[in-house]
Amino acid sequence: MTATLAARIRDSRIASTAALLLSFALPFLWALSTSLVWQLGKRVPGSVSDTAIAFPSGLALIAIVLAAWLIGFAALRRRVRSQRRAAWLANTVAVAAFCVCFTWQFGSADWNPRPDAGLTNLFPLRFALALAAAYLASACAAAYLAPRPPRAGAKTGAPDAQA
């Protein structure tokens with residue numbers, strides 16, 4: 001059943017686009033909003049600060065990431081033949097949009113790992129974790145959803161050339 005579902009998603013342009021969007025957005029937004037980084041950061045000696053994407057204030061950022069990815073993927077899919085490359089570039093567009101909007105909303109101080117003496121900012125670590133998780137999940141999904149050539153000897157429904 002899993003193989004037939006994957007084949008249906010692979011064959012549907014809307015379903016494969018949605019799967020690629022979710023494979024990037026869910027890990028990216030999860031890592032930016034989870035308390036995992038904060039729990040690890042409390043073990044760092046000295047004062048620690050962190051910025052996480054919370055529901056009320058982060059809703060605009062979430063919408064911007066999703067919209068930027070969709071716009072980027074739609075525009076790039078027409079120009080780039082490879083779905084993997086289009087997804088990778090759409091990921092980069094969404095990350096760039098997030099960085100610009102995050103800096104505009106929260107300021108550039110949140111990007112500095114040591115804003116003051118004795119203070120450690122965890123957001124750069126959180127952002128690096130979000131990038132790694134999102135690009136890895138997206139690459140795996142793009143590889144899984146890539147169109148596959150028919151196997152030798154498989155029934156394709158086409159008439160034989162020898163007949």
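Modeller: Let's start with one aromatic cluster, made up of Phe24, Phe28, Phe98, Phe102, Phe106, Trp111, Phe123, Phe127 and Tyr135. Keep in mind that this is a predicted model. Across the structure there are 13 aromatic pairs. One of them joins Phe28 and Phe98 edge-to-face, with 5.4 Å from centre to centre and 85° between the planes. That pair links distant parts of the chain, since Phe28 belongs to helix H2 (residues 13-33) and Phe98 to helix H5 (residues 83-106), 70 residues apart. As for accessibility, Phe28 has a relative accessible area of 0%, so it is buried. Phe98 is at 1% relative accessibility, so it counts as buried too.

Phe98 also pairs with Phe127: the ring centres are 6.0 Å apart and the planes are at 10°, so this pair is stacked. Because Phe98 lies in helix H5 and Phe127 in helix H6 (residues 123-145), the pair ties together parts that are 29 residues apart in sequence.

Arg126 has 1% relative accessibility, and because buried means under 20%, it counts as buried. A polar atom of the Arg126 side chain lies 2.7 Å from the backbone oxygen of Thr34. Leaving out residues up to four places away in sequence, Arg126 touches Ala31, Leu32, Ser33, Thr34, Val37, Trp38, Asp50, Thr51 and Ala52.

Definitions and conventions: Residues numbered from 1 in each chain as written. Predicted model: local features only at pLDDT ≥ 70, side-chain atom pairs only at ≥ 80, totals over all residues. Heavy atoms only, no water. Phe/Tyr/Trp six-rings, centres within 6.5 Å; stacked < 30°, edge-to-face > 60°. Helix = DSSP H or I, 4+ residues; strand = E, 2+ residues; numbered from the N terminus. Buried < 20%, exposed > 50% of the residue type's maximum accessible area, 1.4 Å probe, protein only. Polar contact = N/O pair within 3.5 Å; in protein donor to acceptor, adjacent residues only side chain to side chain. Contact = heavy atoms within 4.5 Å.
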